[in-house]
Amino acid sequence: MEAERKLSAEAGSILQEGIGLVLSRWSALQLAVENEWGGRDSRRKAEQLITDIFSWFNHSKEPLYIDDLEDMLNEAMLSLNTMTEDGSIEEVAEKLMIMHEECLDCNFKSIESLREANHRRVAVPHVREVANDDDDSDEENDDRDHCMGNDDSSNMMVDTPESHSNVNVVSMSDSEPKPKLAAEAEDGWEVVAPRRHKGRRN
């Protein structure tokens with residue numbers, strides 16, 4: 001029977017940092033935290049998830065199975081009133097399992113690359129695009145830029161109002177048909193078609 005491998009103290013602290021880095025890059029989790037879909041303590045719940053995952057990796061007496069980790073991630077998202085349908089739970093669980101195996105072998109390259117990517121990423125959100133003075137900087141563009149954070153590259157759906165749903169669904173499907181004309185949905189909200197880019201590139 002193979003001897004049980006344990007994390008060294010150094011590897012343990014680096015793994016915990018790596019778990020935090022992976023979860024900080026998980027769009028569905030960050031959306032739930034930023035919008036407080038799990039209530040005012042949403043951030044605390046996300047931080048607790050890091051601790052729970054690390055504890056599961058470090059103190060579990062049973063063999064570690066990815067299905068158990070996926071269940072833990074799913075339960076955490078449900079505690080934040082968020083149901084993911086984009087396959088991200090499986091992707092995050094796989095990254096964490098691989099990272100744990102690497103840390104057992106004292107291989108920290110993936111965590112170092114995440115750390116570097118995170119440092120590069122931190123500077124980007126603070127830069128806001130200012131409306132161009134050239135062509136047509138109309139008020140509609142300005143309003144959209146301020147309300148939507150001007151992130152045209154985002155593929156996340158906007159959350160539904162809390163009065164209509166207690167669970168926020170994050171779906172990354174690009175195959176869903178987009179409405180061509182403005183139409184009123186049955187709940188009273190108006191669905192608006194995306195603006196056409198009059199030959200301009202972003």
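Modeller: A residue is called buried when its relative accessible area is under 20%, exposed when that area is over 50%, and partly exposed in between, using a 1.4 Å probe and protein chains only. By that rule, buried residues make up 29% of the 202 residues in the chain. The model is predicted, and for that reason local features need a pLDDT of at least 70 and side-chain atom pairs count only at pLDDT 80 or more, while totals for chains, interfaces and linings use all residues. Residues are numbered from 1 along each chain as its sequence is written, and side-chain values use heavy atoms, with hydrogens and water left out.

The chain holds 7 helices and 4 strands, where helices (H or I, at least four residues) and strands (E, at least two) are DSSP runs numbered from the N terminus. Read from the N terminus, their order is α-α-α-α-β-α-α-α-β-β-β. Contact here means heavy atoms within 4.5 Å, and among contacts between residues at least 6 apart in sequence, 65% join residues at least 24 apart.

The buried residues of α3 are S42, A46, L49, I53, F54, W56, F57 and N58, and what covers them includes α1 (9-24), α2 (27-34), α4 (66-79) and α5.

S42 lies in helix α3 and is buried, with a relative accessible area of 1%. Apart from its neighbours within four places in sequence, S42 is in contact with A32, V33, E36, W37 and L80.

Two packed helices are described by the angle between their axes and the distance between the axes. Axes are lines fitted to C-alpha atoms, for helices over the stretch in contact, and angles run from 0 to 180 degrees between N-to-C directions. Angles under 35 degrees count as roughly parallel, over 145 as roughly antiparallel, 65 to 115 as roughly perpendicular, and the rest as oblique.

With α1, the axis of α3 comes within 10 Å and crosses at roughly 135 degrees, and α1 is therefore oblique to α3. The crossing of this pair is right-handed; a crossing is left-handed if the near helix is turned anticlockwise from the far one by less than a right angle, and right-handed if clockwise. From α1, the residues G12, L15, Q16, I19, G20 and L23 meet L49, I50, T51, I53, F54 and F57 of α3. These contact residues divide into 8 nonpolar, 4 polar and no charged, with Ala, Val, Leu, Ile, Met, Phe, Trp, Tyr, Cys and Pro counted as nonpolar, Asp, Glu, Lys and Arg as charged, and the others, Gly among them, as polar.

The contact is formed by I53, W56 and F57 of α3 together with L96, M97 and H100 of α5, and by class it has 5 nonpolar, 1 polar and no charged residues.
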